[in-house]
Amino acid sequence: MANEHDQHAIPYKTYFITWVWLLVLSSLALGLGYAPINEKLKAFLLVATTLSKILVIAAVFMHLRYEKVNLILITFTPLVLAIILISFTFGDTLGTITHVLHVR
């Protein structure tokens with residue numbers, strides 16, 4: 001008779017699929033880094049891939065895909081606060097050397 005420690009709550013197939021998704025998204029981000037496309041589009045696509053990797057990790061390893069919507073929304077609170085704080089301070093730093101640098 002197997003005790004409760006022998007049973008795994010999430011099947012190993014889910015972890016394997018997660019690993020494949022993270023591998024694909026990481027490869028896509030690496031390929032985008034070397035792609036000869038517009039820098040603004042490249043930056044947007046890299047941020048989008050990173051956010052999708054964050055969502056995959058949060059859904060599987062933080063078990064958010066099994067939680068109620070209220071708990072999931074609570075996890076987005078720091079992101080909303082960060083966007084608000086960046087929007088308040090972005091105008092003060094516009095035009096400084098950190099925004100003028102160009103990637104060759």
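## How α1 and α2 pack

In this predicted model, helix α1 spans residues 12-34 and helix α2 spans residues 39-61. Their axes lie 10 Å apart, and the two helices pack at an angle of about 170°. Angles over 145 degrees count as roughly antiparallel, and α1 and α2 are therefore roughly antiparallel to each other. If you turn the model to look along the pair, note the handedness too: the crossing of α1 past α2 is left-handed.

## Who meets whom

On the α1 side, the contact is made by Thr 14, Tyr 15, Thr 18, Leu 22, Leu 25, Ser 26, Leu 28, Ala 29, Leu 32 and Gly 33. Facing them from α2 are Lys 42, Leu 45, Leu 46, Thr 49, Ser 52, Lys 53, Val 56, Ile 57, Val 60 and Phe 61. Sorted by class, this contact holds 12 nonpolar, 6 polar and 2 charged residues.

## The chain as a whole

Stepping back, the protein chain has 5 helices and 0 strands. Reading from the N terminus, the order of elements is α-α-α-α-α, and α1 and α2 are the pair described above.

What share of the contacts with a separation of 6 or more joins residues 24 or more positions apart? In this chain, that share is 51%.

## Burial and surface

The protein chain has 104 residues, and 12% of them count as buried. Its accessible surface comes to about 9000 Å². Carbon and sulfur atoms account for 72% of that surface.

Notes
Residues numbered from 1 in each chain as written. Predicted model: local features only at pLDDT ≥ 70, side-chain atom pairs only at ≥ 80, totals over all residues. Heavy atoms only, no water. Helix = DSSP H or I, 4+ residues; strand = E, 2+ residues; numbered from the N terminus. Buried < 20%, exposed > 50% of the residue type's maximum accessible area, 1.4 Å probe, protein only. Contact = heavy atoms within 4.5 Å. Areas by Shrake-Rupley, 256 points an atom, 1.4 Å probe, with all protein chains shown as cover. Axes fitted to C-alpha atoms, helices over the stretch in contact; angles between N-to-C directions. Parallel < 35°, antiparallel > 145°, perpendicular 65-115°, else oblique. Left-handed = near helix turned anticlockwise from the far one by under 90°. Nonpolar A, V, L, I, M, F, W, Y, C, P; charged D, E, K, R; others polar.
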